[in-house]
Every structure is written in C-alpha cells, then in structure tokens.
Amino acid sequence: MTQTTPAIVPQSAVRRLPRLALILFCVAYVLPGFLGREPWKLADVSAFGVMLEMAAGHSSWWQPQVLGELVDEPGPLPYWLGAAFIRLLPFLPADLAVRIPFGGLLALTLSCTWYAVYHLARQRGAQPVAFAFGGEAQPVDYARTVADAALLALVASLGLAQLSHETTPDLARLAATSALLLGAARLAQTDDAHPARSLLLWGLGAAGLAFSGAPWITLAAGAGLLLWIGLPRPDGPENGAFRRPLVWAAASLAVVMLAAAATGLLQGPALDMPERWSDWTRWGRLLVWFTWPAWPLALWTLWRWRRQLRQPHVALPLWMALVSVVNSAVNPDFDRALLLALPALATLAAFALPTLSRSVSALIDWFTLIFFTGCALIVWTVWVAMMTGVPAKPAANVAKLAPGFVPEFSFLLFAAAALATLAWIWLVGWRVGAHRQALWKSLVLPAAGATLCWLLLMTLWLPLLDFGRSYGPLSRRVASLVPADACVLVDGLSSAQIAALQYHGRLTLVRTQRPEHADARACHALVVNPSTQDTLDQRVQLTQWAFKASVSRLTDRKERLLVYQRVGQ
C-alpha cells in the first residue's frame, strides 16, 4: 500500500514562476564571473594553461600536459572543450573563448537540475495529499513549482558561486553529475514515454563524469542509483517494459567504466582522510556554509518524508548527495569535491517546501533579507571608499591588502550593479506583497540575494579582485625584465605560474629539467621559484647566470619569482 505523503498543497500554492523572469534570473547569475575578468590564480589559470597547450599542439589530447609534464587532473574532457573553442574562435581572446563552453556547462547544470526535480516530483509517491472534495495541486503544476524551487535552492547555495564560474574540470563534473541525476530521475519513471532519451542522458552523464577525472564517483553514484531504481517499491510495477531500460543503463555504465580503464583513467582514488580533529572541524565548517541554505531544508525533507525514503524523489538525490559528501571528506580538495553534492541537496531542499509551516518560511525570509542586504551594503561601502576615500577605514584596509591598486570608475560596471540593487529592492517589496501562497516563495529571496552579492562582487569589486587574484601583474613585470623574443628557462614553477607567464607575459618557456633541449641553450633569462633555489645548481650552471631581480605579487609577498640573466647577454 502507498505510504501517506506529508505534502498538503492546494492548487493555489503551485503558481508558476514566470518563465521570462526565471530565464533572466539565471542569466544574471551565469554571466557575471565569465565576462570581463582575467584567469585567476591556481586552479582557474592552471586549467586554462593546459587548454592553451592543447590548442597550440604542445600537449597530447589524451594526456594533458604543461611544458611536457602531466597535470594532476587526469580527465581530458574539460580541456578538450576549452582547447576546441580556442581553435574555433581565434578572433576572441583565448581566456574569453574558453569561458563560452564552461558558461554553457553552468547553464546545463541549472537546466538538468530543474528537469530532474520535475520528473521526480511527478512520481506518485511525491505527489501531495488528495483532498476529499478536490482542490489539491495538479501533478504537472505541482512538479513545475517544485522544480522552480529546486533551481532557486541551487542558485542560493553559497558554495556554487565562485567554483561554478571557473574554467576547471570541477564545473564539467558538476554538469555531468546533474545530467546523471536527470537520467536516473527519468529512468525511475514507470511510464517513461521516451526511454531512449533517458538512456542518452544517463550515458552522457556517466561518460562526462568519468572522462572529467571522476570515474570512481561515476561507478559509486551510478551503481547506487540503478540499485535504488530497480528495488521493488509500493507504486512500481514489476514488468519487463520498466526493467528493460535499467538493463541498458547498467550496460552503458559498464561500457563507460571499461572505456575509462582502457584509456588509463581508472586509477586508484587519491584518498586524504583527515587525521586530526582540527581537520574534521574545518571540513565540518565548510560543509555548513558551502551548502547553505540547502542542507537544513534537505534534513527537514528527510525527516518529514522519512516514511518514503525508498521513493525515487528522496532516495535518488539522497544517494547522490551521500556519495559526494563522503568523497569530499576523503578528498584533498574537499571544497571542490563538495561541489558535486549541490544539485542533489537542492533537489532534497525543494521537497521540504510543501511541508514547511508559514512561520518557518517567514523566518527564512527575514534571515535572508538581513544577511544579503548587509552583504550588499558592505560591498557598496567598500566600493565608495575605494573611489572617494570615505569612509577612511575601508579605504585604508583596501590599500593595505592590495598595495599599488589604483581604482578606476567604470560606468558600465556601476550601472549593472545599480540595476541589480534596484531589482533587489523591488523584489523584496514584491515578495512581501504578492504570491504569498506560492510554494517557491521561501527560496526567492535566498536565490536573489546570492545572485545580487555575486553580481556586485563581479562588477564593483571586479578590478580589485582581478588585481589580487590574477597573475597578470606579476607576469607582465617578469616579462619586462627579460629580453624580448627570447626563450626563458623556468625552474620549480607551478603550472599556474607557467600558464600566466605564457599568456600574460607572452613568454616562450623551457624547463630546466630538460637541459638537452635545443632551445634551453639559447635562453637568455631564467625564472626560479625560491623553494628550489638551493638545488638549482643540479640543473643549471650557476656560473653562467647573474641574479637580476626578485618579483612578487603585490597582494602576496610570500609568492616570489627570482629572475636571472645569462652572463654576457
């Protein structure tokens, strides 16, 4: 017998969020961060450097490399996307060209999450209680409303903003995870009219995740999802028509894993279990703020729907979230690994809304209003201080943290920030006065607030963030110290530093570890990481080089590069 659902939703509560408003909302979230900025240090510029090497023909397309050395991320698919667009769009700056497919991946993540929740909410076990005299929410209207709420919950997640706007394999894995969840949601339907589409989405999600450097996540998440779908449940008919797509889905998962093994991607997982209590507490704090506000709503869903844990709308996102959270706990880059949990947590969070009381919804609204309005005021105050020097304390803090930064007024960035702020003020008034019964009402302000703050950072603070997080100023200073049109030896530099010197400095680099290279003997300059300076004489003849300068990032004096010039040149 079917378990009683805890959702009591009248038809008046399933008002559809206007499509144009939803699309503009997504555009306002996706575009800032992909436009107008330089590649930022570490992961962003490192991945960009690999794409540059591939596009120039200096790296194998199956084994991503930077100056002949393999990168840590084994999955080649994200680098293929960036390198392909660099070649397809040579008239655009390379850093802008690579952001086009990755912006599409973020849009794909949002779209897949919406459709996954839409299909899950149409399951019989997810539907609200049928009223004795009618008036309950209709299945399709209910599913669309819950899907709108899931999309808002995903955008509102604090950890999504920065990492989803970088051109890194993490974004490709995020999109593949959401596609895999969508494929599973469609396969879980007992009356799927288009099983071929479901299998295609499932296969693309599994292949994308495996060839983006996460084959073990593909295996754990995929096998678990298929197991949950295939288990008998009260409202699931046990017939061959329903079972047949599951067999094909399992076969496609096996093919993907065999292909990953054949191409050398199926290696032992890199585990880094926290050993100290401080490491666990640091991971716990990250888990709390990174997944906010989805995680408390997800926990509420598990409690209120505890009698339906075997139903697809709870079991599938729960398994996906558990796999991602456990992977984050044992992964050295636990923040980037935790990114994969956000679509599943947003899905769970959406199913909490039909069970929330009006007082809890009001509490969420007030907390969101105070928090994001305060954050927006801070951003505006610091920007005014940068432009005018008043208030004096924020201006002094900026000068201390970013010495040498000279702010310049940009009308375009100011106009975008002002329009976003006015839209926030209007939305607060609209939220108070309209659509009081809409099911998604509790997540409008969190999603809009997160979008507002992200847009303000990517407009008002963009020059400051570029100055502090880009290797551009450092690379251009190094380039000014070395002879033009000559190769430069590098020793001990990270892949991010190498990529920045190649792109921003327009330098031709050769590693000192390859002294037999013909270009190495013709190089007139040498750039060294101070951490390898003690053993430098093992790779070059120091009598041929004279120290010229020490160059550091103005916002981080600990990160320095030493520049040498060949004696006699």
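Tryptophan 454 is placed in helix H20 (residues 441–457); helices here are DSSP runs of H or I with at least four residues, strands are E runs of at least two, and both are numbered from the N terminus. The model is a predicted one, in which local features need pLDDT of at least 70 and side-chain atom pairs count only at pLDDT 80 or more, while totals for chains, interfaces and linings use all residues. Residues are numbered from 1 along each chain as its sequence is written, and side-chain values use heavy atoms, with hydrogens and water left out.

With a relative accessibility of 8%, tryptophan 454 counts as buried, where buried means under 20% relative accessible area, exposed means over 50%, and partly exposed lies in between (1.4 Å probe, protein chains only).

Helix H6 (residues 139–156) has 18 residues, which at 1.5 Å a residue should span 26 Å; the C-alpha atoms at its ends are 26 Å apart, in agreement. The expected span is taken as 1.5 Å times one less than the number of residues. Of the 18 residues of H6, 14 are buried, so this helix is largely enclosed by the rest of the structure.

Aromatic contacts were assigned to rings of Phe, Tyr and Trp (its six-membered ring) with centres within 6.5 Å; planes under 30 degrees apart count as stacked, over 60 as edge-to-face, and the rest as tilted. By this rule there are 18 aromatic pairs. In one of these, the ring centres of phenylalanine 48 and tyrosine 503 lie 4.9 Å apart with the planes at 90 degrees, so the pair is edge-to-face. Phenylalanine 48 belongs to helix H2 and tyrosine 503 to helix H23 (residues 495–503), so the contact ties together parts that are 455 residues apart in sequence. Phenylalanine 48 is buried at 1% relative accessibility, and tyrosine 503 is buried at 12%. Tryptophan 114 and tyrosine 118 form a stacked pair, with 5.4 Å from centre to centre and 10 degrees between the planes. These two residues are 4 apart in helix H5 (residues 99–121), a separation of about one helical turn. An α-helix has 3.6 residues a turn, so residues three or four places apart point the same way. Tryptophan 114 and tyrosine 118 are both buried. Elsewhere, ring pairs link Trp292, Trp295, Phe367, Phe371 and Phe372 into a cluster.

Charges over rings were also identified, the criterion being NZ of Lys or CZ of Arg within 6 Å of the ring centre and within 35 degrees of the ring normal. Arginine 306 lies over the face of tryptophan 303, 3.8 Å from the ring centre. Arginine 37 lies over the face of tryptophan 40, at 4.6 Å from the ring centre.

Arginine 37 also takes part in a salt bridge, its side chain meeting that of aspartate 44 at 2.9 Å, N to O. A salt bridge is defined as a side-chain nitrogen of Lys or Arg within 4 Å of a carboxyl oxygen of Asp or Glu. Both partners are buried, arginine 37 with a relative accessible area of 4% and aspartate 44 with 2%. The whole structure holds 9 salt bridges.

Among them, glutamate 69 and arginine 511 meet through their side chains at 3.7 Å, N to O. This pair links distant parts of the chain, with glutamate 69 in strand S2 (residues 69–70) and arginine 511 in strand S4 (residues 508–511), 442 residues apart. Glutamate 69 is partly exposed, at 39% relative accessible area, whereas arginine 511 is buried at 9%.

A further salt bridge joins arginine 539 and aspartate 491 (2.5 Å, N to O). Arginine 539 is in the loop between strand S5 (525–528) and strand S6 (545–553), and aspartate 491 is in strand S3 (residues 487–491), so the pair ties together parts that are 48 residues apart in sequence. Arginine 539 is partly exposed, with a relative accessible area of 23%, and aspartate 491 is buried at 1%. Salt bridges with shared partners also join Glu166, Asp170, Arg173 and Arg336 into one network.
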